[in-house]
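Q: I have a structure open and would like to go through it step by step. Can we start?

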Amino acid sequence: VCSYADNKAVVSTQSTGIIFIVSLEVCSYADNSNWTPNMKFLLLLLVVLATVLASSPPVMSKKCKKTVKNYNKCLKDGFESSLGCDSGDGTLKGKALKKCKSAEKKAKKCGHTCVPPPPPPPPECQDSNGASYRGKVAVTVSGRKCQSRNSQSPNEHSRTPANYPISGLVDNYCRNPDGEVGAWCYNDEGKDPRWELCDIP
């Protein structure tokens, strides 16, 4: 890392704009064999520090925090974002609209990025076989109450939350953890039938 122009080693981080310069007065033009252990250690330390700073998220100033707060208020009030934010329907007019446009420009200069919109709610209807169904229907097609997924009575079974952790086996809701033709549940009212499909659109 020897600079033949002025015998200096330069370590920079573009994202933070910080530049570290270490004087290496005994830097050899041929190699770095004349570096002392202390010089090598210091250079290594600076490289590590620069790497850490480069990977750290930028710290937003108090002024920018206030700007973003005002911008978020505009979004709640119905301002339609041009930054891809989850926003209103563009109902703001007049001075309020002008104020919010200014807030958006300032927020953009501050490097504000929008929080992704929340994931869509779980489907209330079945897909092809109900594997992704996460609704709250808890009765069978014949009107029988569903047995709790954590219960082994009246029907013992292995379709438990522990055995099928990603299948949404919560309470006694209808689910399809094992590839049946649709969401189903065990019969809580007896052993005949042991289980049934649920009436889900």
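This is a predicted model: local features need pLDDT of at least 70, side-chain atom pairs count only at pLDDT 80 or more; totals for chains, interfaces and linings use all residues.

Q: Which residues of α3 are buried?
A: Cys100, Ala103, Glu104 and Ala107. Seen down the axis of α3, these buried residues fall within an arc of 105°, so they line one face of the helix.

Q: And which ones are exposed on the other side of α3?
A: Gly94, Lys95, Lys98, Lys105 and Lys109 are exposed there.

Q: How far does α3 reach from its first C-alpha to its last?
A: It spans 23 Å with 16 residues, close to the 22 Å expected at 1.5 Å a residue.

Q: Is cysteine 74 buried or exposed?
A: Cysteine 74 counts as buried, because its relative accessibility is 8% and the cut-off for buried is under 20%. Cysteine 100 is buried too, at 5% relative accessibility.

Q: How many disulfides does a search of the whole structure find?
A: It finds 4 disulfides. Let's take two more of them.

Q: Which cysteine does cysteine 146 pair with?
A: Cysteine 146 forms a disulfide with cysteine 185, and their sulfur atoms are 1.9 Å apart. Cysteine 146 lies in the loop between α3 and β3 (184-186) and cysteine 185 in strand β3, so the pair ties together parts that are 39 residues apart in sequence.

Q: What about the torsion about the S-S bond there, for cysteine 146 and cysteine 185?
A: It is about -70°, so this disulfide is left-handed.

Q: Are cysteine 146 and cysteine 185 buried or exposed?
A: Cysteine 146 is buried, with a relative accessible area of 1%. Cysteine 185 counts as buried at 0% relative accessibility.

Q: Next one. How far apart are the sulfur atoms of cysteine 174 and cysteine 198?
A: They are 2.0 Å apart, and the two cysteines form a disulfide. The pair links distant parts of the chain, 24 residues apart: cysteine 174 is in the loop between α3 and β3, and cysteine 198 is in the segment after β4 (195-197). The link is left-handed, with -85° about the S-S bond.

Q: What is the relative accessibility of cysteine 174?
A: It is 0%, so cysteine 174 counts as buried. Cysteine 198 is buried as well, with a relative accessible area of 7%.

Q: Now the whole chain. How many helices and strands does it have?
A: The protein chain has 3 helices and 4 strands. From the N terminus on, they run β-β-α-α-α-β-β.

Q: What share of the residues is buried?
A: Of the 201 residues in the protein chain, 29% are buried.

Terms used:
Residues are numbered from 1 along each chain as its sequence is written. Side-chain values use heavy atoms; hydrogens and water are left out. A disulfide is a pair of cysteine sulfur atoms within 2.5 Å. Buried means under 20% relative accessible area, exposed over 50%, partly exposed in between (1.4 Å probe, protein chains only). Helices (H or I, at least four residues) and strands (E, at least two) are DSSP runs, numbered from the N terminus. The expected span of a helix is 1.5 Å times one less than its number of residues. The arc is that of the directions from the helix axis to the C-beta atoms.
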